[in-house]
Amino acid sequence: MTTVDTAVGRRLAPLTGWEARRLARHPVLWPLPVVIVVTSALDGATGGRTIGYWYGTIFVAVAFFSPMFVLFAANLVASGARRSRAEEMLNVTPATDTRRTWAMCLGVALPPAAVGAVAAGAMAFIDSVSNIPPQDLQSAGELAQIPFILAGAGLLGVLGARWLTFAGGAVVTFVAATLGGVVVFGRFHSGMWWMWWSTGATFEDQVRVPGRPWLHVGYLAGLCVCAALAAVYRDRAHWPRLAAIGAPVLAATLVVGWFQVP
Amino acid sequence: MTRSVTWELIRGGHLVRSLRLAPFVTGVVAVAAFLAARGGDTHDVIGDLRVLGLLLALGSGYVLDDGAAVTLQASPFSLARRLWLRIGCAAVVFIVPLWTAMLARFLPSAPSGDRWALGLGLTAELATALTVIWAVTAWGRRHGFEHPGIITTPALLASLLLVTSIPQAPMLVGSGSQWTSAHLRWSGLLAGAACVLVAGMRDPVARWRSPGHHPNRQRV
C-alpha cells in the first residue's frame, strides 16, 4: 500500500462526496418529485394557487414527503455493502469502518440539509415579497428547523442500517420514528416539541404549545449528532467511546430540549 | 408430484421457516403497541383499522424475499407456484388471523347497519395495499433485485400519497354516501394490481407458444 493510497483513504471529503452521489442517484428518491408534482397538481387548492399556496406546498414537500423517502434511500445506501456482501472487501481498504461511516453520515446528511436550507430560503423569500396569512407564516426559527429535519431523516436511515441489520430493519426504523413518535409524544401536552419534526405545524388534533423554536433547532441538531455518533461507534469495541462522547452530547440535547418549552 | 412437494413444504414447516419473520414480528409488535396506546378506545373504527391495516401491510412486504430463490430457479416447481405458496402461507399464518381479530375488536363499536359495509370496505383497502406491494416485489424480482422487500415500504407510501391526492376521486373517505363509490375505486385498483402481480409472477423465460409448438422438436 502506497502513501498516496493511505492519504486518500484518510481523507473524508472524497468518501463523503461518493456517498452523497450514491444517495442522490438512488432509485427510491425518484418517485419523490413525481409525488410532489402530482399531489400539488391534483390538489383542489380551494383558495386558488396563490403565493401562500406555494409557501405551504414547499413546506409539505420538504418537511413531510421528503424525509420519508430520504430515510429509506439513506437506509438502502448505508446497508448496500452488507446486502451485497462486500464488507469483507471494504475492510481491507485504507479507509477504516469508522471513517467510512463518518463519510456515510456526512454524505447522507449534508445534501438533504442543503436542500432544506434552499427550501427554507425560498419560503423566506416568498414571505418577503408577499403577505402570508399569520396562521400559515413560519418564523425564522421554524424555517431553520427544516434542514435538520431532512438531515435527521438521512441519519435515522443510516442508524437503522447500522443497528438493525435484519430484514425489516428499515420498516422498524420508519414505524418507530413516525407512528411511534406521533403516538408516544402525542400523549402529553408539549409532546410535539420533543418530536423530530417542525414546531411550525401541528399534527392530528394537537393544540399548538408555545415554546422557543431556536432552541428546537439546537435540539434537532443534537439529535442529528447523537444519531451520527451511534451509527459511527456501532461496533462493540467502540462502545466505551460511544458512551464517553455520546452521553454528554445526549445530555446536552436533552437539556436544550427541556429549555425549549417554557 | 407438485402437490406432494407443496404438502411436504407445509407439513415439514419449511415454508414458514423460509419466510422472513422479522418484518412480521415488527408488524405484530407495532399493532400491539398501537392497540396499547389506544388503551381500549375503539370509537374511531375507520381511522384505527386503517392504521392497523397499514402496519400489517408494511410487515407483509418481505413475503416474497426468498434466500433460496437462486437455488430453486432450477427446480421443476414453477416460480408462480413458489410465490403463491409464500403469499398463501403469510396470509394463513399472519394476515388473515390478525385482521380478523382486529375486525372483531373494532367493528362492534360501529353502527350495526354499517358493520358489513365497513368491514368489507376496509378489507378491500388492505387487500389492495397488499396486492400493490406484492406486485412491486414480483416485478422487482423480475428485474434482478435479490431481496426486493425493502423497497415495498417507500413504494406503498408513494402509491398511497398519489392515490389519495385526487380530490375528484376521494379514496380515504368516512362512512357515508361516498363509501361505496370510493370502494369501487379501491376494487378497481385491486383488480389492476392483481393483474400486474400475476404478470410479474410469470417465469421470465416463459413465452406464449402455440400448443403444438415445442422448442426441441425439429422439423425433418
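Student: How many residues of chain A are in contact with chain B?
Tutor: On the chain A side 22 residues are in contact, and they meet 24 residues of chain B. Keep in mind that this is a predicted model.

Student: Which helices of chain A supply that side?
Tutor: Helix 3 (31-42), helix 4 and helix 8 (169-185) each supply at least two of its residues. Helix 8 gives the largest share, with 7 residues.

Student: What makes up that side, in terms of nonpolar, polar and charged residues?
Tutor: There are 18 nonpolar residues, 3 polar ones and 1 charged one.

Student: Moving on to the fold, how many helices and strands does chain A have?
Tutor: It has 10 helices and 0 strands.

Student: Where is A:Ala153 found, and what is it in contact with beyond its neighbours in sequence?
Tutor: It's found in helix 7 of chain A. Leaving aside neighbours within four places in sequence, A:Ala153 is in contact with A:Pro67, A:Val70, A:Leu71 and A:Pro112.

Student: Why is helix 7 of chain A called largely enclosed?
Tutor: Because 21 of its 24 residues are buried, the rest of the structure largely encloses it.

Student: How do you know what helix 7 should span, and what is the distance between its ends?
Tutor: The expected span is 1.5 Å times one less than the number of residues. For the 24 residues of helix 7 (residues 140-163), that should come to 34 Å. The end C-alpha atoms are 35 Å apart, which agrees.

Student: Which residues touch the most other members of the largest nonpolar core?
Tutor: Among its 120 residues, A:Cys105, A:Leu155 and A:Val158 do. Helix 4 (residues 51-83) of chain A gives the most to this core, 14 residues.

Student: What is A:Val158 in contact with, leaving aside neighbours within four places in sequence?
Tutor: Its contacts include A:Ala74 and A:Ala78, as well as A:Cys105 and A:Ala231.

Terms used. Residues are numbered from 1 along each chain as its sequence is written. Chains are lettered from A and ligands numbered from 1 in the order in which they are written. This is a predicted model: local features need pLDDT of at least 70, side-chain atom pairs count only at pLDDT 80 or more; totals for chains, interfaces and linings use all residues. A nonpolar core is a set of buried Ala, Val, Leu, Ile, Met, Phe, Trp, Tyr and Cys residues joined through C-beta atoms within 7 Å. A residue is buried if 20 or more other C-beta atoms lie within 10 Å of its own, exposed if 12 or fewer, and partly exposed in between; C-beta atoms are placed from the backbone. Helices (H or I, at least four residues) and strands (E, at least two) are DSSP runs, numbered from the N terminus. Two residues are in contact if their C-beta atoms, placed from the backbone, lie within 7 Å. Ala, Val, Leu, Ile, Met, Phe, Trp, Tyr, Cys and Pro count as nonpolar, Asp, Glu, Lys and Arg as charged, and the others, Gly among them, as polar.
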